Amino acid sequence: MSAIRVEPLALLHGRAAGLAREADLALPLAGGPAAFTMVRLHGPDAPDGPLALADVPTAWQAGVMALTEAPQPFAGLPTGRPLVMGVVNVTPDSFSDGGRHFDPGAAVAAGHAMLEAGADLLDIGGESTRPGAAPVTAEEEQQRILPVLRELAKAATVSVDSRNATTMRAAIEAGAEIVNDVTALRHDPDAARVVAESEAAVVLMHMLGTDPRTMQDAIRYDDVALEVAEFLAGRVAWAEAQGIPRARIAVDPGIGFGKRMAENLAVIERLPILAGIGCPVVFGASRKRFIGELSGVATADRRLAGSIAVALAAAERGAAILRVHDVAETVQALRVRAACEAGAPPPVDAEVEEE
């Protein structure tokens with residue numbers, strides 16, 4: 001194990017979280033509004049089992065308090081609520097919507113529709129990273145995405161979903177403000193330098209290996225949630241050493257990337273452990289295979305209900321950005337969830353007819 005980790009447990013939400021914090025029975029998770037009342041300690045000489053906050057040994061208190069600190073604002077985006085990242089795949093072979101937005105005009109129209117539906121930012125990719133997907137050249141990737149990215153960057157914060165340094169550089173020059181790399185800057189040796197020399201933010205994702213074709217071949221973990229957290233903490237430290245400030249870094253646990261259903265569910269259930277890294281958490285599980293396995297829905301684009309369920313579960317556990325295909329439905333679900341927790345309605349832009 002490369003570092004000591006403190007894992008928050010027994011989360012509270014809404015009024016219960018506020019009351020527990022007022023009574024000094026809970027602490028805010030990553031700045032709130034959720035709160036945790038217990039922890040589990042991982043590392044040399046760690047006590048066994050869950051501990052109440054009052055029972056945490058002095059040597060571990062700094063790790064507990066690190067869980068309470070809100071990450072710095074990421075890429076100039078709003079804070080204080082889970083954000084929605086709309087997925088625009090300019091590919092013929094993505095697992096859910098491959099080919100639907102392959103035409104640049106269709107992709108631009110789809111991006112604008114997502115923004116109108118409430119997306120806070122867009123993630124534009126030109127290479128499928130589904131399990132077993134064949135790679136494309138950086139040149140082809142750029143031909144696919146750059147016309148789309150240039151247009152959508154005029155209207156929104158845009159992320160480029162790429163493993164290739166030359167594509168990252170071209171996308172940043174075209175207006176991308178975020179680099180989203182499924183390999184956490186491991187695939188291309190020039191990637192870290194491109195990000196460091198720009199003002200772009202970066203999302204570092206956990207994945208077994210760096211090749212989507214083989215990431216599901218040899219899955220083995222002793223403790224998947226802890227190992228994902230350790231990997232991401234290590235990559236953040238490495239990126240900082242390459243000249244990328246922590247304030248420009250977000251982390252993604254990589255649901256489905258070198259993980260089967262059991263590992264995916266374990267990572268989701270224990271997602272709060274990532275708060276100790278000190279970076280916003282990006283979470284993408286929309287329409288993925290494990291949702292189909294759980295629900296018995298074989299077709300990816302029919303997994304809306306399951307995708308909403310897992311998005312809400314991630315938001316409750318501290319995810320800052322939800323990467324989704326179904327923007328309008330996710331925005332609606334988050335709005336209603338927030339109102340239920342607060343006990344008061346949020347402002348609504350559009351008029352709603354009474355039934």
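**Cavities, a helix face and a buried threonine**

Modeller: In this predicted model, α10 (304–316) and β12 (321–324) each give at least two residues to the lining of the largest cavity.

Colleague: Why call that space a cavity, and what volume does the largest cavity have?

Modeller: The name applies because a 1.4 Å probe fits at its grid points but cannot get out. The volume is about 70 Å³. By this rule, the count is 2 cavities of 30 Å³ or more.

Colleague: What makes a residue part of the lining, and which residues line the largest cavity?

Modeller: A lining residue needs an atom within 4 Å of a cavity point. F283, A285, S286, S307, I308, V310, A311, L322, R323, V324, D326 and T330 line the largest cavity. The most comes from α10, with 4 residues.

Colleague: How do the lining residues of the largest cavity divide by class?

Modeller: There are 7 nonpolar, 3 polar and 2 charged residues in that lining. R323 and D326 belong to the lining, and both count as charged because Arg and Asp are in that class.

Colleague: And the second largest cavity: how much space does it hold, and which residues line it?

Modeller: About 40 Å³. A225, V228, P253, V267, R270, L271, I273 and L274 form its lining. By class, that is 7 nonpolar, no polar and 1 charged. R270 is in the lining, and Arg counts as charged, so R270 goes in that class.

Colleague: V267 makes me think of helix α8. Which residues of α8 are buried?

Modeller: In α8 (residues 261–269), they are E263, N264, V267 and I268.

Colleague: How do you know that the buried residues of α8 line one face of the helix?

Modeller: Look down the axis of α8: its buried residues fall within an arc of 135°, so they line one face. The elements covering them include α7 (224–241), β11 (282–283), α9 (289–295) and α10.

Colleague: Now T68. Where does T68 lie, and why does T68 count as buried?

Modeller: T68 is in the loop between α2 (61–66) and β5 (83–89). Buried means under 20% relative accessible area, and T68 comes in at 14%, so T68 counts as buried.

Colleague: Which residues is T68 in contact with, leaving aside its neighbours within four places in sequence?

Modeller: L27, P28, A30, G31 and F36.

Notes
Residues are numbered from 1 along each chain as its sequence is written. This is a predicted model: local features need pLDDT of at least 70, side-chain atom pairs count only at pLDDT 80 or more; totals for chains, interfaces and linings use all residues. Side-chain values use heavy atoms; hydrogens and water are left out. On a 1 Å grid over the protein atoms alone, a cavity is a set of points where a 1.4 Å probe fits but cannot get out, and a pocket is an open set with protein on both sides within 12 Å along at least five of seven lines; lining residues have an atom within 4 Å of a point. Grid points are joined across faces, edges and corners, and a volume is the space filled by probe spheres set on the points. Buried means under 20% relative accessible area, exposed over 50%, partly exposed in between (1.4 Å probe, protein chains only). The arc is that of the directions from the helix axis to the C-beta atoms. Contact means heavy atoms within 4.5 Å.
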